[in-house]
Amino acid sequence: RISTLKSAIKALGPVNLGALQEFSELSERLEFMTKQRDDIEAAKKDLEKVIDELLTKMRSEFTSHFDTINKNFGQVFTDLFGGGTAEIALGTDSDDVLECSIDIKAQPPGKKLQSLTLLSGGERCLTAIGLLFAIQELKPSPFVILDEVEAALDDVNITRFTDFVRRHSAKSQFILVTHRKGTMEACDQMYGVTMAERGVSKILSMELK
C-alpha cells in the first residue's frame, strides 16, 4: 500500500508552489477576456443595428433620388437630342434596390425605344452625357470637370452638347478637357499646352467670349 501511494505521489510530479498565484492571475485574465468578449458582442449587435438602419435609409433615399434622376434624364435627353424619350429602370435580377442592375433605355427622334447597348456609338455617348447631367441636376455642384466626354460625337451632336453646357453654365462652372474643335470654339476661355522647345512645355490661354 505504501509503495503504491509513493508511486502515485511520484506520478504527480514536483509540487508547484506558485499554483495559487498562477490560478489567481489566470482567473483575472479569464475575467478580463470574458468582459472583452461581451463588449465585442455588444458592439457587434450595435453595429448590426446601425447597418440595418443605414440600409433602410439608403433604400429610401435611393428610391427617391432614382425617381428624380429618371425624370431629369427624360428632360435632359429630350433637350440634348431635340426630341425623343429616355428612361432608367431597375432590373429584375434582385429584390433589393441596392443590389439590382439598372437598365438604360433611350429613344432618339425617329427611332424605337431600345436598350443603350443597341444605340450607335455617338447616341450612346450623348445618352451617357444626358444621364451624367441628370445626376448633376439632383444636387448641382458649383464646379464640374468633363474629360473628353464628347470624343465620340459628330459635329452636329458636338453643337448640341456645347449649347447644352452653355445653358447650364449659369448654375455651375465647367472645365472641359477636349481635342474637339467644336467644343473649343464654344468655350469662353481656352488653355492649351505647347512644346515650342523640346522638353519645355508652355501654357497658352485665349479669351474667346
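Predicted model: local features only at pLDDT ≥ 70, side-chain atom pairs only at ≥ 80, totals over all residues.
1. Packing of α2 and α4. Two packed helices are described by the angle between their axes and the distance between the axes. For helix α2 (residues 19-81) and helix α4 (residues 155-168), the angle is about 130 degrees and the axes lie 9 Å apart.

2. On the α2 side, the contact is made by Val76, Asp79, Leu80 and Phe81. On the α4 side, Arg160, Phe161, Phe164 and Arg167 take part. Sorted by type, the residues of this contact are five nonpolar, three charged and no polar.

3. Length of α3. Does the span of helix α3 (residues 121-138) agree or disagree with what its residue count predicts? The helix has 18 residues, which at 1.5 Å a residue should span 26 Å. The C-alpha atoms at its ends are 26 Å apart, so the two values agree.

4. Surroundings of α3. The buried residues of α3 include Cys125, Leu126, Ile129, Leu131 and Phe133, and also Glu123 and Gln136. Which elements do the buried residues of α3 pack against? They pack against helices α2 and α4, and against the strands β1 (85-90), β2 (102-107), β4 (143-147) and β5 (173-177).

5. Strand β4. One face of β4, with Val144 and Leu146, is covered. β4 and β5 run parallel and are joined by five bridges. Within this pairing, Val144 stands opposite Phe174 of β5.

6. Asn72. This residue is found in helix α2. Is Asn72 buried or exposed? Its relative accessible area is 13%; buried means under 20%, so Asn72 is buried. Leaving aside residues up to four places away in sequence, Asn72 touches Ala134, Glu137 and Leu138. Ala134 is itself listed among the buried residues of α3.

7. Thr4. Helix α1 (residues 2-11) contains Thr4. The relative accessible area of Thr4 is 51%; exposed means over 50%, so Thr4 counts as exposed. Thr4 and Phe73 are 69 residues apart along the chain, and their C-alpha atoms are separated by 94 Å.

Key. Residues numbered from 1 in each chain as written. Heavy atoms only, no water. Axes fitted to C-alpha atoms, helices over the stretch in contact; angles between N-to-C directions. Helix = DSSP H or I, 4+ residues; strand = E, 2+ residues; numbered from the N terminus. Contact = heavy atoms within 4.5 Å. Nonpolar A, V, L, I, M, F, W, Y, C, P; charged D, E, K, R; others polar. Expected span 1.5 Å × (residues − 1). Buried < 20%, exposed > 50% of the residue type's maximum accessible area, 1.4 Å probe, protein only. Pairing = 2+ DSSP bridges.
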